[in-house]
Structure formats: structure tokens, C-alpha cells
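Here's a quick walk through the salt bridges and the ligand shell of one model. Have the viewer open while you read.

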Amino acid sequence: MNAHLTNASSRSIIDTIVRDVADRNPGEPEFLQAVHEVLESIAPVLVERPDYVEAGIIERLVEPERQVIFRVPWTDDRNRVQVNRGFRVQFNSALGPYKGGLRFHSSVNLGIIKFLGFEQIFKNALTAQGIGGAKGGSDFDPHGRSDAEIMRFCQSFMDELYRHLGEHTDIPAGDIGVGAREIGYLFGRYRKITNRHESGMFTGKGVAWGGAEVRTEATGYGTIFFLEQMLARRGVALDGQTAVVSGSGNVALYAIEKLQQLGARPITASDSSGYIVDENGIDLELLKQVKEVERARVSAYVDRRPAARFVAGGSVWDVPARFAIPSATQNELDEAAARTLVRNGVVAVAEGANMPCTPEAIDVFSEAAVLFAPGKAANAGGVATSALEMSQNASRQRWSFSDSEDRLRAIMVAVHDQAYEASERYGSPGNYVVGANTASFVKVADAMLAQGVI
Ligand code: NDP
């Protein structure tokens, strides 16, 4: 029926689907933003592959395979009953079991989990590790909660979620607000309920009980490996250059660590209270002590580092640097921030977080020929190393830190190269947004096509 699609007709098909998604998913702006960004890139693919259109691939892709929303009741330290909402969106399993993290943050709602789950489909495809896309979480806010409260919340959350999980079904991991402590409590409850030590049903576990070396570091390290590849193509050195990093959680800390190991000088970190600037370069041991051990606000860093300064509120993107690594949360870098970065001479931006740059910010980078690495490619190292953890669990092996880091680096080089080659093939050389979207879309679409209308 669509034997001869032109660029214009495939765009019109995409516009119709985007409108339909908007009508069917009201009040979910982040989800629509993520869908729009992917579908905008794939018109040239449809010109080559009208069979995708005929098989309804796109309409099926934008509808999650399953969505679970549940009540999470728990008791706080003052014996009061609290009620949160839990989510798991199992978006697409054409390439493998559902895989994606859990986010605990007060801003979590269905639209945010759907945006993250949708992105995860394509990110996971780029890793070539045979994993489908999912995401979950809760509007629970862990800030200021005691360990006992966190444990009771995690146990109640798992009391419902366990029935939807399994090493061949759906494998969660961490994300904002879900780190080693939470994964321990969640895994422990799953083990108790199911009476199985099913290591491969969760990733990001402690190394002593089934976790993998380098999983903690993988997202931050991988983002910098991707940056390194992008810069190498353009003949730009990383060594000796400054970087602004946002966030001070898992991704930010290990992006800072790898930047330092490669000779760059990261000078900022942030959290929702503001940002710190340390022109001498971030003292990573001190920052880890503040954020990982004391679980304090980032401002506590400057109390012990007089040369550094703390800026309450404000925008970390006001700080001039050659590279920007947004590693906190979605839409944290807007058009005005992008203009400031460009004015201050930024040459490359790599998204450690998921969708931290707004579409307008990405346009600014593109007009200014700033290298731009979208999160679904740049931060794929985290989930890729999760897949390595699943492999080790399945074969009861343990790989060393250096072996695991070599594998991570090789995967990130491959993710970069796939995205670059697809950007050339589909007429936008060096545009990694187009490259990542088209390369991953084709993989998922081919698998869906082969598996019939399900
Ligand atoms: P963490 O919880 O470890 O850290 C998140 C950091 O971002 C904290 O510094 C937090 O500050 C800040 N932050 C979160 N929400 C907001 C907000 N609304 N406004 C301002 N600052 C905020 O999370 P991760 O480091 O794991 O995740 C960071 C990003 O990376 C997310 O987008 C996540 O989806 C993405 N990602 C994570 C992966 C992983 O392996 N962990 C894998 C791939 C992507 P505060 O404490 O004040 O809230």
C-alpha cells in the first residue's frame, strides 16, 4: 500500500502518529518530547522501508506492552502510615527481556516513567546486548528518610513489583534515588518472597553478592568514553581542558572521575540546592565523602575546601568550560543555558542524564557546530554493563575490574561508531541524535517485523 514513500509522505505519516500520541497521552509532556525526538529522525528510514509502515511498527512502538501502577503503603519512624504510588512500564521486549532502572523522586509520574522507558528501548538496542526497554519507580522522596524508612518503603514496593519481574522477564536496576542501599533492600525482599537467589533479576547489586565490577562507575565512565570518541573524530584533545558537570550522584561522580583520569579538569558539581565551582579541579574524594557517605547537600563541600565556592540556586551552565556533561535530570539545560555555554566557548556536550537538554538547547548546539552526544547513546554504558552483570550471573563467572572496563570501553566505541555511521547513511553526518535514533530504530523495527503483530 505504501510502496513508494517520499520524504514528504513519510513525514506526514509521522506527524499523524505524533498527533495521535499527543491525543492519547494527555498531561505527559516528557513522554511526548521523547517520542517526537525519535520519530522526527526516522523519516529517511521509512522512505527505504515502507514495510515498517505497513506493519504498523511505529504505532505499536509508541504504546507500552504493559503498564503497572500500584499502591505502596509503608510506616514511617513516627508510626504514621504513608502512601506512595509505584510504576513499572514494560515498553518493548522485541530484543530481549524488559530492562531499565527504578527512579525514586518526588517528581515521578506516569509520563516521566513512560519517557524513560521509551528512551530505554533505543538505548538498549544500541548496546547490542539483547535487552528490551522498561522503566519504573515511585514518587517516594528518599531525602531525609532514615535507613529503616527506606528499607520499609523498598520492601512494600517489592511486595507488588516482584510478580512482574524475573531474570527472563524484567530486570530492574538503579536510577535517581535508587543506589546500592535501595537495590540491596529490593533484592533482599524479592529473594525472600520468591525463595530463590535469582541473581540475574536485578542489576547494580553489591559486588559481594552477585554484582559486577564497574557497574557503579559504568554510566559516568561510558559517557566520557563516548565523548572521547566524538572528540577524536574531530581531532580535539580532552587532556588539559575544563569541564562543567551537573549533578553529584552516581553518573556525575564517575563522569568526573573518568574526566580526571583522562587528564581533563572538571570544575563543578550540583544538586537541587545549587552548584559548587572549584577552579582547581573537583576534589573527588571529598565530594564522594559528602554525597555518598554523609548524604549531605553539595554545599558541604565548600566548608572543607575554602578555594571553592557554592552558588545557591542559579545555573551551573553559567560557568565557562570546554565541555559540558549534564548528569542530573531531564530538561535541566535549556535554550538560554545553551546560548551561554556557546558564548563561553563550549566545544562538546555529552548527556550523562536522560534527556537533560531541551530540544531548543540541542538546536542551539547544532547551529553552533558544537558536538552533541544524546543520552540514549552517551549514557548507554550503564545498562550495557548491567547486561554484562547478567552474563556473569548466568555463567557464574566474575570478571576483573580491568577486563570489565575494557569491555565497557569497547561497547561505547561500538555505540559511537554505529551512531556515526547511521548519521552518514541517513544524510546528517555527525548528527548523533539522528544517528542514534535511526540505528536503534532499525534494530527494534526489524525484530518486531520478524515476530509478527503481537
Ligand atoms: P542520583 O540519584 O545518584 O543523582 C541524581 C543527581 O541529580 C543528584 O545530584 C540530584 O540532586 C540531582 N537531581 C535529581 N533531580 C533533580 C532535579 N529535579 N533538579 C535538580 N537536580 C536534580 O541519580 P543518577 O546519577 O543515577 O542519575 C542521574 C541521571 O542519569 C538521570 O537522568 C538518570 O536517569 C540518568 N541515568 C542514570 C543511569 C545510572 O546507571 N544510574 C544510567 C543512565 C542514565 P538532589 O539530591 O538534590 O535531588
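## Salt bridges and ligand shell

Arg49 and Asp51 join their side chains in a salt bridge, 2.8 Å from N to O (a side-chain nitrogen of Lys or Arg within 4 Å of a carboxyl oxygen of Asp or Glu). Keep in mind that this is a predicted model, where local features need pLDDT of at least 70, side-chain atom pairs count only at pLDDT 80 or more, and totals for chains, interfaces and linings use all residues. Residues are numbered from 1 along each chain as its sequence is written, and side-chain values use heavy atoms, with hydrogens and water left out.

Across the whole structure, a search turns up 29 salt bridges. Here are three of them:

| Pair | N to O distance |
|---|---|
| Arg49 – Asp51 | 2.8 Å |
| Arg189 – Asp159 | 2.8 Å |
| Arg305 – Asp278 | 2.6 Å |

How exposed are the partners? Arg49 is partly exposed at 24% relative accessibility, and Asp51 is partly exposed too, at 28% (buried is under 20% relative accessible area, exposed over 50%, partly exposed in between, with a 1.4 Å probe and protein chains only).

Next, the pair Arg189 and Asp159, with their side chains in a salt bridge. Arg189 sits in helix H8 (residues 180-194) and Asp159 in helix H7 (residues 147-161), so the bridge ties together parts 30 residues apart in sequence (helices are DSSP runs of H or I with at least four residues, strands runs of E with at least two, numbered from the N terminus). Arg189 is partly exposed at 25%, and Asp159 is partly exposed at 31%.

Arg305 forms a salt bridge with Asp278. This pair links distant parts of the chain, with Arg305 in the loop between helix H12 (300-303) and strand E10 (309-312), and Asp278 in the loop between strand E9 (274-277) and helix H11 (284-293), 27 residues apart. Asp278 is buried, at 0% relative accessible area. There's also a salt-bridge network linking Glu37, Glu119 and Lys376.

Now for the ligand. It is surrounded by 25 residues, and the closest are Asp175, Thr219, Asn250, Ser272 and Asn354 (a residue counts if one of its heavy atoms lies within 4 Å). The shell splits into four nonpolar, 15 polar and six charged residues. Ligand oxygen atoms lie 2.9 Å from a side-chain N or O atom of Arg103, 2.9 Å from a polar backbone atom of Asn250 and 2.9 Å from a polar backbone atom of Val251.

Notes. Polar contact = N/O pair within 3.5 Å; in protein donor to acceptor, adjacent residues only side chain to side chain. Nonpolar A, V, L, I, M, F, W, Y, C, P; charged D, E, K, R; others polar.
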